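Student: Hi! Please walk me through this one, starting wherever you like.

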Amino acid sequence: MVHSFGKDFKKEFPFEKNYIPINHGSFGSYPTSLTSLIQETKKRIEENPDLVCRLELPSLLKENLKPISQLIHCDVEDISFSLNASTAMNSILRSYPFQKGDKILCYQTAYAAVDKTIDFLTNYLKVERVTIPLNYPMEDSDVIALTKEAIENEQKKGGGQIRMCVFDAISSIPGVRFPFEKVNELVHEYGILSLVDGAHTIGHIPLNMHELDADFFVSNCHKWLYTPRGCAILYVAKRHQGMVHPTSINYAYQHHEDPSDGSSFTQEHSPGTIDYTPYVCVSAAINYRKSIGGEEAIQKYIHDLAVKGGELVAKILNTRVMENSTKTLTLGMVNVELPIPPTSKSDSEISNHFMQRSLYGYNTMFVTYKHNNVWWVRLCGQIYLDLDDFEKSAYSLLAIIKELEEK
């Protein structure tokens with residue numbers, strides 16, 4: 001049965017009555033239909049924690065990894081659960097045997113935690129980072145050209161080799177689609193490993209890991225797939241499973257001389273003593289999505305709403321949407337320029353003003369940011385929103401900007 005998406009659908013989620021959840025991309029949410037499963041799972045674990053944690057957990061995890069593997073078209077043996085995408089990224093970056101002088105290729109728009117992880121590697125392992133600047137809105141072809149140029153420039157310099165390229169599938173700030181398929185193909189042509197930060201992908205866009213053939217890929221499930229927080233997946237191609245270990249080493253750790261020896265991969269990445277409930281809810285979340293229309297219907301509604309909502313907000317603000325000529329940037333998140341006049345306030349003061357006033361004054365949350373000297377707001381489409389929510393958000397933004405001028 002296909003439900004009619006929009007504001008009336010909000011009752012299926014546990015939001016406060018007057019809250020406008022226009023920032024779904026940060027923390028996600030799950031339908032109230034999962035509540036009973038969450039409570040039952042917690043109760044079952046506490047009734048006999050030894051039985052569940054020691055004997056039943058492996059099968060429970062596999063039962064919930066299987067529908068994800070089907071959704072993203074990969075072998076179930078190639079994925080494991082992780083608390084969140086940043087943890088999964090750390091498992092890869094801090095496991096890979098980088099040597100002093102090796103180079104990591106990355107982009108200006110990397111998620112802050114990932115960017116800082118690369119900083120950590122430069123400090124502790126003495127690797128070098130090569131950062132490609134991006135100035136959105138820009139064409140996918142320009143991103144490809146800049147990537148190729150950066151690789152060839154580093155090759156001409158000599159010295160250490162670029163071992164890995166770290167890039168988004170959908171960037172967080174700005175909230176745009178990155179041409180990850182083409183970049184993945186390009187870096188492989190130069191013998192560079194690909195690590196794709198797909199934190200915003202599962203439940204947001206179709207994925208086919210067999211076709212993509214990335215070396216490493218991570219994604220949250222709690223952002224767009226409607227699972228409880230925190231729930232993410234780590235994908236490692238079979239050719240590399242012997243070298244990737246979790247951030248917390250457990251009893252199953254083994255050193256493998258052969259990178260393709262994945263004999264301990266599943267056991268090593270089995271979670272320790274944590275709350276397993278989010279992982280056990282994956283199958284139920286996917287079944288819920290099927291019951292309301294399925295992936296294609298959900299993703300189409302979210303995208304269409306983001307496009308139309310972004311245009312409406314830009315019209316009210318008398319600004320523009322961050323989009324290129326081929327319309328590839330906007331998915332379920334849309335970025336709209338903010339008409340912030342010149343001010344003596346610092347960037348941090350402006351960001352804090354928007355966060356405080358949106359949450360406490362207008363019962364919503366606006367993710368605002370400065371990208372290449374222009375202020376933007378990131379807004380998210382979702383099945384429980386409609387154009388009225390974007391219109392209200394636009395007028396709330398105007399009011400907050402006016403308050404900023406008066407402070």
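Tutor: Happy to! Just after H3, His-73 takes a positive phi of about 60°. Helices here are DSSP runs of H or I with at least four residues, strands are runs of E with at least two, and both are numbered from the N terminus. This is a predicted model, where local features need pLDDT of at least 70 and side-chain atom pairs count only at pLDDT 80 or more, while totals for chains, interfaces and linings use all residues. Residues are numbered from 1 along each chain as its sequence is written, and side-chain values use heavy atoms, leaving out hydrogens and water.

Student: Where does H3 bend?

Tutor: At Glu-56, by about 65°, and Pro-58 follows within four residues. That bend is the angle between axes fitted to the seven residues ending there and the seven starting there.

Student: At what angle do H2 and H3 pack?

Tutor: H2 (residues 35–47) and H3 (residues 49–72) pack at about 105°, with axes 4 Å apart. Axes are lines fitted to C-alpha atoms, for helices over the stretch in contact, and angles run from 0 to 180 degrees between N-to-C directions. H2 and H3 are therefore roughly perpendicular to each other, a label for 65 to 115 degrees; under 35 is roughly parallel, over 145 roughly antiparallel and the rest oblique.

Student: Which residues of H2 and H3 make the contact?

Tutor: H2 brings Arg-44, Ile-45, Glu-46 and Glu-47, and H3 brings Pro-49, Leu-51, Val-52, Cys-53 and Glu-56. Contact means heavy atoms within 4.5 Å.

Student: And how do H3 and H11 cross?

Tutor: Their axes come within 7 Å and cross at roughly 45°, which makes H3 oblique to H11. Among the residues in that contact are Asn-64 and Ile-68 of H3 and Ile-286 of H11.

Student: Which residues of H3 are buried?

Tutor: They include Val-52, Leu-57, Leu-61, Leu-65, Ile-68 and Ile-72. Buried means under 20% relative accessible area, exposed over 50% and partly exposed in between, with a 1.4 Å probe and protein chains only.

Student: New topic: which residues touch the most others in the largest nonpolar core?

Tutor: Ile-68 and Ile-383, out of 95 residues. A nonpolar core is a set of buried Ala, Val, Leu, Ile, Met, Phe, Trp, Tyr and Cys residues joined through side-chain atoms within 4.5 Å. Helix H12 (residues 295–317) gives the most, with 8 residues.

Student: Last one: is Asp-8 buried or exposed?

Tutor: Asp-8 is exposed, with a relative accessible area of 62%, and sits in the segment before helix H1 (24–27).
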